[in-house]
Amino acid sequence: MNNKVNNFINLGRFNKPLGALLLAWPCTWGVMIANPEINSLIFYNTLFFFSAFIMRAAGCAWNDILDRNIDRMVERTKYRPIAAKTLSITEGLLFIIICLVFGLFTLLFLPTKAIVICLISIPFIILYPLTKRITFFPQFCLGITFNIGILIGYTTISNEYFSLPSTLLYLGAICWTIAYDTIYAIQDYKDDKKNNIKSTATLMNKFSGKFAAIFYLFSTILFFFAIELANFGNISKTTILISGVWQFYYSYKINVNDHVNALKGFQISTLCGGILFVAMFLDIII
């Protein structure tokens, strides 16, 4: 019984929360760029944090079902429950359904326009795991998918689909995701090259770190202008500039064969996302 529970925990990556945090941070940025009242800020950020962990778990399970044969060829992923056959595809699908039920519960608290954006995001979530089979830019598709929470969060508070600040923030987050997921993909570089699996890392090869650095630069510029237009203060602006330089510098010097520092670079981005959340929060309440 304990082994089965552990397998489901591993399937949903509940034991590895970094990915869920990277899904949650954009949601919180979207809420805060709409300048909510403090009660709405706390309530909806809490709701989106819960939703991020649940929906990320469903996404991971779906990814593992589709990628089970690929995962068996990659050292880092070959022990995932579906790939290792410690969970069946049927159990994986049941897990997804349960997660979606919890995810649908959160929709009860959202306005109609935010629900519309949630529904629009579903095809992207379904199709993303397939993109690595047809393009060297699955990171771009991940960026579009993973950061829709910005638009959902903004629309929840403002009841408007778009604004210039939220759009710039979304575009910046797409660039940020391309950067950190390129760094993340370096961990599997050797296996992916051997098995002809597509990613920005296998496309850029030894220039992967520099490629990521360029997109960290783009994201920093877009983030800065987004919060400037949204009238945030110096705490957020300074945070964006410092964290942007940190991520740019670290990724620029990463070697494509250095999977240890690649993971550390990915962890740095997760931390920077949380620091930006805190900075925006402080600018709102101070």
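Student: Which hand does the crossing of α3 and α14 have?

Tutor: The crossing of these two helices, α3 and α14, is left-handed. Keep in mind that this is a predicted model.

Student: Which residues make that contact?

Tutor: From α3 there are Ile-38, Leu-41 and Asn-45, and from α14 there are Phe-277, Phe-281, Ile-284 and Ile-285.

Student: How many of the residues in the contact of α3 with α14 are nonpolar, polar or charged?

Tutor: Six are nonpolar, one is polar and none is charged.

Student: Where do α3 and α14 sit in the chain, and at what angle do they cross?

Tutor: Helix α3 covers residues 38–66 and helix α14 covers residues 259–285. Their axes come within 11 Å and cross at roughly 160°.

Student: What does that make them, roughly parallel or roughly antiparallel?

Tutor: Angles over 145 degrees count as roughly antiparallel, so α3 and α14 are roughly antiparallel to each other.

Student: What separates Ile-42 and Gly-172, in sequence and in space?

Tutor: They are 130 residues apart in sequence, and their C-alpha atoms are 24 Å apart in space.

Student: New topic. At what angle do α7 and α9 pack?

Tutor: Helix α7, residues 138–146, packs against helix α9, residues 164–185, at about 135°, and the axes are 8 Å apart. The two helices are therefore oblique to each other.

Student: Which hand is that crossing, left or right?

Tutor: α7 passes α9 in a right-handed crossing.

Student: And which residues of α7 and α9 meet?

Tutor: On the α7 side they are Gln-139, Phe-140, Leu-142, Gly-143, Ile-144 and Phe-146. On the α9 side they include Tyr-170, Ile-174, Asp-181 and Ala-185. By class, the contact of α7 with α9 has nine nonpolar, four polar and one charged residues.

Student: Last one, Thr-202. Buried or exposed?

Tutor: Thr-202 is buried, because its relative accessible area is 6% and buried means under 20%. Its place is in helix α11, residues 200–204.

Student: Which backbone oxygens does the side chain of Thr-202 reach?

Tutor: One is the backbone oxygen of Ile-197, at 3.4 Å. Another is the backbone oxygen of Ser-199, which lies 3.0 Å from a polar atom of the Thr-202 side chain.

Student: What is Thr-202 in contact with, leaving aside neighbours within four places in sequence?

Tutor: Thr-202 is in contact with Phe-136, Tyr-189, Asp-192, Lys-193 and Ile-197.

How values were computed. Residues are numbered from 1 along each chain as its sequence is written. This is a predicted model: local features need pLDDT of at least 70, side-chain atom pairs count only at pLDDT 80 or more; totals for chains, interfaces and linings use all residues. Side-chain values use heavy atoms; hydrogens and water are left out. Axes are lines fitted to C-alpha atoms, for helices over the stretch in contact, and angles run from 0 to 180 degrees between N-to-C directions. Helices (H or I, at least four residues) and strands (E, at least two) are DSSP runs, numbered from the N terminus. Angles under 35 degrees count as roughly parallel, over 145 as roughly antiparallel, 65 to 115 as roughly perpendicular and the rest as oblique. A crossing is left-handed if the near helix is turned anticlockwise from the far one by less than a right angle, and right-handed if clockwise. Contact means heavy atoms within 4.5 Å. Ala, Val, Leu, Ile, Met, Phe, Trp, Tyr, Cys and Pro count as nonpolar, Asp, Glu, Lys and Arg as charged, and the others, Gly among them, as polar. Buried means under 20% relative accessible area, exposed over 50%, partly exposed in between (1.4 Å probe, protein chains only). A polar contact is a pair of N or O atoms within 3.5 Å; within protein, one must be able to donate a hydrogen and the other to accept it, and residues adjacent in sequence count only if both atoms are side-chain atoms.
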